Amino acid sequence: DDCEQLVPEWLKFMVGVVDSNDIPLNVSREILQQNKILSQIKNIITKKAIELFNDMQEDEDLFMKFYNSYDKMLKLGIHEDSKNREKLLDFIRYNSLNHSEKFITFQDYIKNCKTSNKNIYYICCINKNVLAKSPLIERFKSQELDVLYLTDPIDEYMMQNIKEYQGYKFVDVSKDGIKFDEENAPESVKEDNDP
């Protein structure tokens with residue numbers, strides 16, 4: 001019922017039974033929790049869960065029911081599980097400036113962005129309607145650049161651990177340092193956002 005060694009924190013919503021011939025019998029719980037076999041089982045459970053989520057994506061309605069219930073846990077996984085971070089990023093979905101009524105993935109964002117753009121722009125706020133009216137995204141709107149709306153409090157926490165996705169850098173449009181050339185296109189981003 002409560003074995004931290006079997007599942008990572010972000011998969012605590014999963015329920016199941018693990019059947020293994022390799023776990024020694026007649027040992028105390030403390031000795032069992034230090035057993036290397038549990039670490040292997042944890043890796044297998046995590047791998048199988050990610051495969052299951054991948055398969056679920058083939059049915060968008062089914063996946064969205066799952067995502068709407070457990071998106072915070074997936075984001076927690078991105079924050080905590082550096083080994084599986086890249087795989088988990090494929091499951092995350094957001095509304096954006098150009099897709100206010102439909103969720104898109106990071107992959108969708110990249111497919112739709114201008115070829116010269118090598119950034120994934122995002123902005124954090126509690127409400128997507130507030131974001132849509134933000135003066136911070138006006139110049140992006142005029143250049144037809146998309147900006148992801150991160151409206152969950154855990155999003156900002158998650159973004160601290162991801163810098164890029166498939167070679168595209170994540171850029172918070174609310175931070176200082178985005179420079180525009182004379183045509184108002186984003187030119188460069190200052191690495192250090194501290195004042």
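A salt bridge is counted here where a side-chain nitrogen of Lys or Arg lies within 4 Å of a carboxyl oxygen of Asp or Glu. The side chains of Asp152 and Lys72 meet this definition, with N and O 3.1 Å apart. The model is predicted, and by the same rule its count comes to seven salt bridges.

**Salt-bridge network**

- Five residues, Asp71, Lys72, Lys75, Asp152 and Asp155, are joined in a network of salt bridges.
- The pair of Asp152 and Lys72, at 3.1 Å from N to O, links distant parts of the chain: Asp152 belongs to the loop between strand 4 (148–150) and helix 8 (153–159), Lys72 belongs to helix 3, and the two are 80 residues apart.
- Lys75 forms a salt bridge with Asp155, in which the closest N and O atoms are 2.9 Å apart. Because Lys75 lies in helix 3 and Asp155 in helix 8, this pair ties together parts that are 80 residues apart in sequence.
- Lys75 also meets Asp71 in a salt bridge, with a distance of 3.7 Å from N to O. Asp71 and Lys75 are both located in helix 3, where they are four residues apart, about one turn of the helix.

**Burial of the network residues**

- Asp155 has a relative accessible area of 0% and is therefore buried, as buried means under 20%.
- Lys75, which bridges to Asp155, is buried as well, with a relative accessible area of 3%.
- Asp152 is buried at a relative accessible area of 12%, and Asp71 is buried at 13%.
- Lys72 is partly exposed, because its relative accessibility of 45% falls between the limits of 20% and 50%.

**Negative surface patch**

- Which residues gather in a patch of negative charge on the surface? They are Asp55, Glu58, Asp59 and Asp61.
- Asp59 occupies the loop between helix 2 (36–56) and helix 3 (60–80).
- The relative accessible area of Asp59 is 40%, so this residue is partly exposed.

- Six strands form an open sheet in the order 2-1-4-3-6-5, with mixed pairing. Its edge strands are strand 2 (104–105) and strand 5 (164–165), each of which pairs on one side only.
- Strand 5 pairs with strand 6 (residues 168–172) in the antiparallel sense, over two bridges.
- Glu164 has Lys169, in strand 6, as its bridge partner.

**Val171 in strand 6**

- Val171 is placed in strand 6, and its relative accessibility of 6% means that it counts as buried.
- The C-alpha atoms of Val171 and Tyr122 are separated by 6.2 Å, although these residues are 49 residues apart along the chain.

Key: Residues are numbered from 1 along each chain as its sequence is written. This is a predicted model: local features need pLDDT of at least 70, side-chain atom pairs count only at pLDDT 80 or more; totals for chains, interfaces and linings use all residues. Side-chain values use heavy atoms; hydrogens and water are left out. Patches are made of residues with over 30% relative accessible area and no salt bridge: like charges are joined within 9 Å, nonpolar side chains (Val, Leu, Ile, Met, Phe, Trp, Tyr) within 5 Å. Accessible areas come from the Shrake-Rupley method with a 1.4 Å probe; for residues, only the protein chains shown count as cover. Lys and Arg count as positive and Asp and Glu as negative; His and the chain ends are not counted. The place of a charge is taken as NZ of Lys, CZ of Arg, CG of Asp or CD of Glu. Buried means under 20% relative accessible area, exposed over 50%, partly exposed in between (1.4 Å probe, protein chains only). Two strands pair if DSSP finds at least two bridges between them.
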